[in-house]
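Please open the model in your viewer and keep the selection panel at hand. The stops below say what to select next and what is found there.

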Amino acid sequence: MWGRRLWCHLAQQPSVVRWLCVPFFARFPVFSSAASKRCYTPQPERKRFYQNVTISQGEGGFEISLDHRKLKTPQAKVFTVPSETLALAVANEWDAQQETIKPYTMHLTTLCNTALDNPSQRTKDQIIRAAVKFLETDTICYRVEEPPALVELQKNEWDPVIEWAEKRYNVVIGSSTSIMGPSIPQSTRDVFVSHLASYNFWALQGIEYMITQLKSLILSMGLLDKHLTVEQAVLLSRLEEEYQIQRWGNVEWAHDYDLYEMRARTAAATLFVHLCTESATIKHKLLQD
């Protein structure tokens with residue numbers, strides 16, 4: 001039920017929804033990669049202990065109940081999210097669990113827990129500074145000098161994205177083959193600091209999570225601005241790895257699991273930001289079955 005209702009609202013987000021749909025978890029056992037240091041590490045699997053998942057509006061936002069028991073964060077706070085659609089998306093994660101609960105598939109729940117508990121007690125400014133610091137090691141700014149085929153591939157695939165970002169934000173970024181990376185002007189950093197400041201605290205949690213998945217602030221901005229799809233952003237982030245796979249072959253299943261997991265995490269982060277920046281609730285007529 002929750003999946004159907006959520007899809008009505010997200011019909012305009014095809015590249016995100018594609019990697020968040022329930023059949024993905026049914027078809028592919030997911031290997032959990034290392035979680036961000038600042039996000040809660042998902043708990044081990046356990047038997048599903050509830051039958052129904054519902055949402056309701058509370059004083060501070062929208063709450064989720066499992067068989068009439070309010071969902072809580074790891075720090076025992078009532079799980080309350082700022083938008084109805086985010087509550088729907090989280091409810092869908094819980095409703096999609098089968099006989100056992102697989103927390104490592106519930107990326108939206110994990111992001112909400114992190115935003116609610118803020119385990120590192122960071123301010124909005126600290127999150128922004130940490131995100132912008134990724135420019136110093138941005139994946140698409142580091143280039144190899146050999147082999148020629150990979151050099152050409154990086155130039156053809158990454159240069160257009162950097163050129164787009166420079167034009168979009170009126171900044172200078174560049175690239176480098178030096179181990180020290182490109183020299184990023186302070187004015188460029190200031191522009192991205194100012195841009196990220198336009199997002200609320202919750203959305204910034206999702207943006208930082210997205211950046212850690214893609215290892216790139218630039219690719220993340222391209223994804224948020226809808227210049228790139230989830231598939232494109234992930235492929236560009238994994239460009240060198242995909243080149244090696246094409247050259248030396250695929251490790252059976254391992255590379256596929258890693259790819260699907262990265263897409264799911266990136267899509268979840270994108271959806272999380274989208275749902276945290278909207279203020280309107282879903283029209284009730286869309287909720288009718």
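Select Arg189 together with Val132, Glu136 and Ile184, the residues that Arg189 touches when those up to four places away in sequence are not counted; touching, or contact, here means heavy atoms within 4.5 Å. This is a predicted model, in which local features need pLDDT of at least 70 and side-chain atom pairs count only at pLDDT 80 or more, while totals for chains, interfaces and linings use all residues. Residues are numbered from 1 along each chain as its sequence is written, and side-chain values use heavy atoms, with hydrogens and water left out.

Is Arg189 buried or exposed? Arg189 has a relative accessible area of 19% and is therefore buried, given that buried means under 20% relative accessible area, exposed over 50%, and partly exposed in between, with a 1.4 Å probe and protein chains only.

Colour Thr188, Arg189, Phe192, Val193, His195 and Leu196, which are buried in α8. Looking down the axis of α8, you will find these buried residues within an arc of 165°, so they line one face of the helix; the arc is that of the directions from the helix axis to the C-beta atoms.

Now move to strand β3, residues 62-66, where 5 of the 5 residues are buried. Show the side chains of β3: Phe62, Ile64 and Leu66 point one way, whereas Glu63 and Ser65 point the other way. In a regular strand the side chains alternate between the two faces of the sheet.

Which strands pair with β3? Two strands pair if DSSP finds at least two bridges between them. Strand β2 (residues 53-57) runs antiparallel to β3 and is joined to β3 by 5 bridges, with Ile55 standing opposite Ile64. These two strands form a hairpin with 4 residues between them, and Gly61 in the turn has a positive phi of about 150°.

Strand β4 (residues 69-70) is also antiparallel to β3, with 2 bridges joining them, and here Arg69 stands opposite Leu66. The hairpin of β3 and β4 has 2 residues between the strands, and Asp67 in its turn has a positive phi of about 55°.

Finally, select strand β5 (residues 80-81), which pairs with β3 in the antiparallel sense over 2 bridges; Val81 in β5 is the bridge partner of Phe62.
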